[in-house]
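Here is a walk through one protein model, taken a piece at a time. Keep the viewer open as you read.

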Amino acid sequence: MTHSGLAVAVGNFLRNPPVFARLATVCLLCPVLALLATSAQAELVFFEKNFAEMGQVPNAGSGICAAAANINSLVYLRNHFPGVYADTNLIPDWNEDNTVDFSDELTSRDKMAFGWEHGGIERSGIYGSGNTGTAQQIWEATYWWFEDFAPGTSVLDGQTWSSGMATWEGGEVLEGTYPKWKFLWDSLVAQLDIELGIVPTTVGISHAVTLTGLAFDDLDGDGWWDADEEPKQIGFLDPNKVSEQTWADVTYSYGRLEFEWWQTGGTYYIYRAFTEGPALIPGDANGDGVVDESDAASLAANWGLGNTTWEMGDFNGDHSVGPADASILAANWGYGSDESTLSTVPEPSALLLLIGMLAGCSARKTRR
Ligand SMILES: [Ca+2]
Ligand SMILES: [Ca+2]
Ligand SMILES: [Ca+2]
Ligand SMILES: [Ca+2]
C-alpha cells in the first residue's frame, strides 16, 4: 500500500469506522477459527474390529455371559484367521451334520458354560461342577478349550486383578493388575480376541463382554493411539445385546478403567482382560499359514510407514515396517508351502533385492 493509499484508507476509516471495524474483527477471528479447526480435527478416533466377524451368541437366562462372550470371541478368530483355524475344531461340529453353524455356536456356549468331555476327560466349564465363574475358572475353561479343540494354534494372555495365577493352568503368563488401556490397545491392533470381566463399583453382579473397539482423542491426527492421548470410549459386544456394538465413555479411577453399563446405568470397572490369538508364523502377514508373495505384498505396500500392525508387515512389533521385518519375512520364506509351489516363488535373496528396490523408491519419494 502506498502512502497515498494508506491516507485514503485512513480517510475511509474516519468517514466509515463501522466497516473497517467489522473487517478488523473478521481478521482477528481468523486465527481463532484456524485454532478451532485444528482442535476439531483432534476428535474421537475409533479403532474397531470388523463387527461382522464376531459371533452373535446371546446370554442365556441362567446367566452364562462369560461363556457367551468367549464363544463370540472364538467365532471372530475362526472368521478372521481362517488359515489358522479352518482345520481345527475351535467351534466343533457338535451335531455332526458336517457344517459348523449357529446351532454349533450355541452348543459351544453351553459346553463352555457347563462342561464338555474330550478324549475321555471331563472338563468342568465356567459354571459346571460347582464352579461360579471366577476369573480362574473362566481362564482355565478357555485354556482347556484351546487344548482340546485347537491345540498348538494359539497364544493366551491377560491382565487380571487376581492373585495366585502362577498356580492356574497356563496362568503363569497372566499379569496381576487391573487391565490397562495400553494392553487393550496392543491386543486390539493385533486383532486378538479380548474378553473383559466387569464388576459394579457398588453392589450387583459381575458381567462379561467382548471388546470390539477403542476410541481416543487423537491429538496428532494419525489415527493411532499414542501414550499422551486420552482414552475416551470402549466398544464391545455384549451377550445381553448381541445385535449391535455398544459404546461407553471410559474414565480412570483408582487405576481401573470404568464405564457406565447400559443395562443397569451403574458404574462398572474392568477387572480382567483375557486375550487369545493365533501363534502366527513370523512373516505370515495375512495369517493363512503360508509365508509367500501376498505377505511380501503387504510388507511392500506399507514399507517405511509407522503405526503399522502385523497384518501390514510389522513382524517385530515395533509398529513400523522396515528392513528388520523384511529379514523376518525372508528367513521364513516359503514356510507352509507345498514343495511343488515352493519352486514357483522367488528365492529369499531375490525377495530382499525386490524389497530393497522398493525401499529405495520410497526413500526417494519422501525426500522430494
Ligand atoms: Ca453342525
Ligand atoms: Ca495419535
Ligand atoms: Ca500368508
Ligand atoms: Ca517392524
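**Finding your way around**

Strand E7 (residues 231–238) has six of its eight residues buried, so it is largely enclosed by the rest of the structure. Before going further, some housekeeping: this is a predicted model, in which local features need pLDDT of at least 70, side-chain atom pairs count only at pLDDT 80 or more, and totals for chains, interfaces and linings use all residues. Residues are numbered from 1 along each chain as its sequence is written, and chains are lettered from A and ligands numbered from 1 in the order in which they are written.

The protein chain comes to 11 helices and 10 strands; helices (H or I, at least four residues) and strands (E, at least two) are DSSP runs, numbered from the N terminus. Of its 368 residues, 36% are buried. Buried here means that 20 or more other C-beta atoms lie within 10 Å of the residue's own, exposed means 12 or fewer, and partly exposed is in between, with C-beta atoms placed from the backbone. Take the contacts between residues at least 6 apart in sequence, and 55% of them join residues at least 24 apart. A contact is two residues whose C-beta atoms, placed from the backbone, lie within 7 Å.

Back to E7 and its neighbours. Strands pair if DSSP finds at least two bridges between them. On one side, strand E6 (residues 207–217) runs antiparallel to E7 and is joined to it by six bridges, with Leu-214 partnered by Ile-234 of E7. E7 is also joined to strand E8 (residues 241–253), again antiparallel, by five bridges, and there Gln-233 stands opposite Asp-249. Two residues sit between E7 and E8 in their hairpin.

Keep following the chain. E8 pairs with strand E9 (residues 256–260) in the antiparallel sense over four bridges, and Tyr-252 faces Leu-257 of E9. This hairpin also has two residues between the strands, and in it Tyr-254 takes a positive phi near 55 degrees. Next, E9 and E10 run antiparallel with three bridges, Glu-258 being paired with Tyr-269 of E10. The hairpin of E9 and E10 has six residues between the strands, and Gly-265 takes a positive phi near 75 degrees.

Now for what is packed inside. A nonpolar core is a set of buried Ala, Val, Leu, Ile, Met, Phe, Trp, Tyr and Cys residues joined through C-beta atoms within 7 Å. The largest one has 55 residues, and those with the most contacts inside it are Ala-66, Ala-67, Ile-126 and Leu-196. Helix H3 (residues 65–80) gives the most to this core, with 10 residues. Click on Leu-196 and, leaving aside residues up to four places away in sequence, you'll find it touching Ala-208, Val-209, Leu-211, Phe-236, Ile-270, Arg-272 and Ala-273.

Helix H8 (residues 293–301) and helix H9 (residues 323–331) pack at about 175 degrees, with axes 11 Å apart; axes are lines fitted to C-alpha atoms, for helices over the stretch in contact, and angles run from 0 to 180 degrees between N-to-C directions. H8 and H9 are therefore roughly antiparallel, a label for angles over 145 degrees. Asp-295, Ala-296 and Leu-299 of H8 make the contact with Asp-325, Ala-326 and Leu-329 of H9.

Helix H7 (residues 181–189) is worth a look too, as Leu-184, Ser-187, Leu-188 and Val-189 are buried in it. Their cover includes strand E1 (44–48), strand E5 (193–200), E6 and strand E10 (267–278). Just after H7, Gln-191 takes a positive phi of about 60 degrees.

Finally, two loop residues. Most residues other than glycine have a negative phi. Asn-98, however, has a positive phi of about 65 degrees, and sits in the loop between helix H4 (82–85) and helix H5 (102–114). Asn-98 counts as exposed because 6 other C-beta atoms lie within 10 Å. Ser-129, in the loop between strand E3 (121–123) and helix H6 (135–149), has a positive phi near 50 degrees, and is exposed, with 11 C-beta neighbours inside 10 Å.

Technical notes: Angles under 35 degrees count as roughly parallel, over 145 as roughly antiparallel, 65 to 115 as roughly perpendicular and the rest as oblique.
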